[in-house]
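I opened the file to look up contacts, secondary structure and a few single residues. My entries follow in the order I made them.

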Amino acid sequence: MANIKPNRYVLQSNDGKTKVDYETSSFIGQPVFNLTQGPGPIRHFSGSQIRTVDTEIGTLVSVTTHLTVDTGSTSFSVLIPAITLANVSDHKAFTTEAIITSHTGPNSVPSTGVHEKYQFIPMKGEANFVLSLLEPIMGALAKSANP
């Protein structure tokens, strides 16, 4: 029995207004994070725009959704639990939390006090494994380079 780590996570808030489609590695070899908030357009993030931190409670995946030079920023994060799939066609449902964080900046008023405010969003999702086109190509290249 294979133990496979998922590489795609599709999540939605309980009210359906917030949606996340996160792939740890896409066909171009980089992570991709697509975020929909309310009626707005889908926001696309890739590569270094996506930050991940492994913690004892899961992997925290974050993107910056709004940035100013002087008054702060807003980030969107989602906590991805550790999940193991039985095979490549397996999928697992899970629940988690997304966090919208408002960060103060150097010119925010007042300059003292609490510098982050959090909004938690309950999420439900599904983890699965997606075989990208790059993986078979890279495997074939590795075999041809090391016969």
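Entry on contacts. I took the contacts in the protein with a separation of 6 or more and asked how many join residues 24 or more positions apart; the share is 47%. The model is a predicted one, and I read it as such.

Entry on elements. I looked up the secondary structure and found nine strands and one helix. Read from the N terminus, the order is β-β-β-β-β-β-β-β-β-α.

I traced the strand order of the open sheet as 4-3-2-1-9-8-7-6-5, with antiparallel pairing across its nine strands. Which strands stand at the edges? They are strand 4 (43–46) and strand 5 (51–55); each has a single partner strand, so one side of each has no neighbour in the sheet. From one strand to the next, I noted an average twist of 20 degrees. As background, I recall that strands of a sheet pair through backbone hydrogen bonds, either parallel or antiparallel.

Entry on one pair. I then checked strand 3 (residues 32–37) against strand 4 and found antiparallel pairing over four bridges. Within that pairing, I looked up Phe-33, and its bridge partner in strand 4 is Phe-45.

Entry on surface. I noted an accessible surface of about 9300 Å² for the protein, with 58% of it belonging to carbon and sulfur atoms. Of the 147 residues, 34% are buried.

Entry on Ser-62. I located Ser-62 in strand 6, which spans residues 58–67. Is Ser-62 buried or exposed? Its relative accessible area is 11%, and the cut-off for buried is under 20%, so I logged Ser-62 as buried. Setting aside neighbours within four places in sequence, I listed its contacts as Gln-49, Ile-50, Arg-51, Phe-76 and Ser-77. With Ser-77 there is also a polar contact between the side chains, at 2.6 Å.

Entry on Asn-128. I found Asn-128 in strand 9, which covers residues 116–128. Its relative accessible area is 18%, so I logged Asn-128 as buried too. Which residues does Asn-128 touch, not counting those up to four places away in sequence? I wrote down Pro-6, Asn-7, Arg-8, Leu-85, Asp-90 and His-91. I followed up on Pro-6: Asn-128 and Pro-6 are 122 residues apart in sequence, yet their C-alpha atoms are 4.9 Å apart in space.

Terms used: Residues numbered from 1 in each chain as written. Predicted model: local features only at pLDDT ≥ 70, side-chain atom pairs only at ≥ 80, totals over all residues. Heavy atoms only, no water. Helix = DSSP H or I, 4+ residues; strand = E, 2+ residues; numbered from the N terminus. Buried < 20%, exposed > 50% of the residue type's maximum accessible area, 1.4 Å probe, protein only. Contact = heavy atoms within 4.5 Å. Polar contact = N/O pair within 3.5 Å; in protein donor to acceptor, adjacent residues only side chain to side chain. Areas by Shrake-Rupley, 256 points an atom, 1.4 Å probe, with all protein chains shown as cover. Pairing = 2+ DSSP bridges. Axes fitted to C-alpha atoms, helices over the stretch in contact; angles between N-to-C directions.
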